[in-house]
Amino acid sequence: MTGRLDVAKEQVERVLGPKVAKRLGAFDDGTLYVSASEWAELAAWFVDFAVYLLSAVIGFVVFAVATRDSAVPDEAALLTLLGLLIAVPVLYGLFFGDGRLLGAALTGTRLVRIKDGGRIGAAACWAMLVRTVLAPLMLVAMVMTGLGAGSVRRISIDDEATRRLHAAGFPRLVRSN
C-alpha cells in the first residue's frame with residue numbers, strides 16, 4: 001500500500017501542495033486523510049490538559065468549600081482528589097464522541113479511528129483519560145526506558161485539509177486486484 005500512497009502523495013502535491021501531501025496518510029480501509037501537524041496535536045493536547053487540570057482544581061475547591069464546616073478526614077479529601085483526577089477526564093470525554101473537544105475545535109483537528117476514520121464514539125471517555133492522565137505518564141516511562149509507542153488505534157486529522165482532499169477527488173487509494 002505504501003507504493004500507492006507514494007503515487008497519491010505525488011498527485012496530491014500537484015493539486016493541493018507539498019504541505020498537504022507531506023501529511024497524507026491512509027486509514028486501514030484505504031480512505032485518504034491529512035494528519036494534523038505535530039504543533040496542532042500538541043496545542044490540542046495542551047488545551048485539553050489545561051481544561052482537565054482547571055476542572056479538577058475547581059472540583060476540589062467545590063469539595064473543600066462544601067465540606068469546610070464538617071470534619072472530613074484527610075483520607076477522604078485525598079480520595080476525592082484522586083477520584084477527580086480520574087473522573088474529570090472521563091466526564092470530559094463524554095462530550096468527545098465526535099472527536100472534537102475544545103482543544104481540537106481550536107486547532108481544527110479531530111481524533112478519529114485509524115481503522116476507517118470514523119467517530120471514536122463510546123471510546124471517547126477512555127481516549128480522554130489516556131490523553132490527559134496516562135499519556136503524560138507513558139511519555140515519562142518511554143523516555144526513561146527508551147521504549148517506543150504501542151499500537152495506534154486513533155489519529156488526529158486536519159479536518160479542513162482532509163475535506164479539501166476529498167473535494168479534489170482523492171477519497172481513497174485504488175486497490176489493485
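Trainee: Which element gives the largest share of the lining of the largest cavity?

Mentor: In this predicted model, strand β3 does, with three residues. The cavity has a volume of about 50 Å³, and its lining includes Thr109, Arg110 and Leu111. The elements giving two or more residues to that lining are α3 (38–66) and β3 (109–113).

Trainee: What makes Arg23 and Asp158 a salt bridge?

Mentor: A side-chain nitrogen of Arg must lie within 4 Å of a carboxyl oxygen of Asp. For Arg23 and Asp158 the N to O distance is 3.3 Å, so the pair counts as a salt bridge. The two residues are 135 apart in the chain, with Arg23 in the loop between α2 and β1 and Asp158 in strand β4.

Trainee: Why is Asp158 called buried, and Arg23 partly exposed?

Mentor: Buried means under 20% relative accessible area, and exposed means over 50%. Asp158 has 18%, so Asp158 is buried. Arg23 has 22%, which falls in between, so Arg23 is partly exposed.

Trainee: How do you know that Arg163 and Asp159 are separated by about one helical turn?

Mentor: They are four residues apart in helix α7 (residues 159–167), therefore about one turn. Arg163, at 49%, is under the 50% limit and so is partly exposed, while Asp159, at 7%, is buried.

Trainee: Which residues are linked with Arg163 and Asp159 in a network of salt bridges?

Mentor: Arg110 and Glu160 are linked with them in that network. Arg110 also lines the largest cavity.

Definitions and conventions
Residues are numbered from 1 along each chain as its sequence is written. This is a predicted model: local features need pLDDT of at least 70, side-chain atom pairs count only at pLDDT 80 or more; totals for chains, interfaces and linings use all residues. Side-chain values use heavy atoms; hydrogens and water are left out. On a 1 Å grid over the protein atoms alone, a cavity is a set of points where a 1.4 Å probe fits but cannot get out, and a pocket is an open set with protein on both sides within 12 Å along at least five of seven lines; lining residues have an atom within 4 Å of a point. Grid points are joined across faces, edges and corners, and a volume is the space filled by probe spheres set on the points. Buried means under 20% relative accessible area, exposed over 50%, partly exposed in between (1.4 Å probe, protein chains only).
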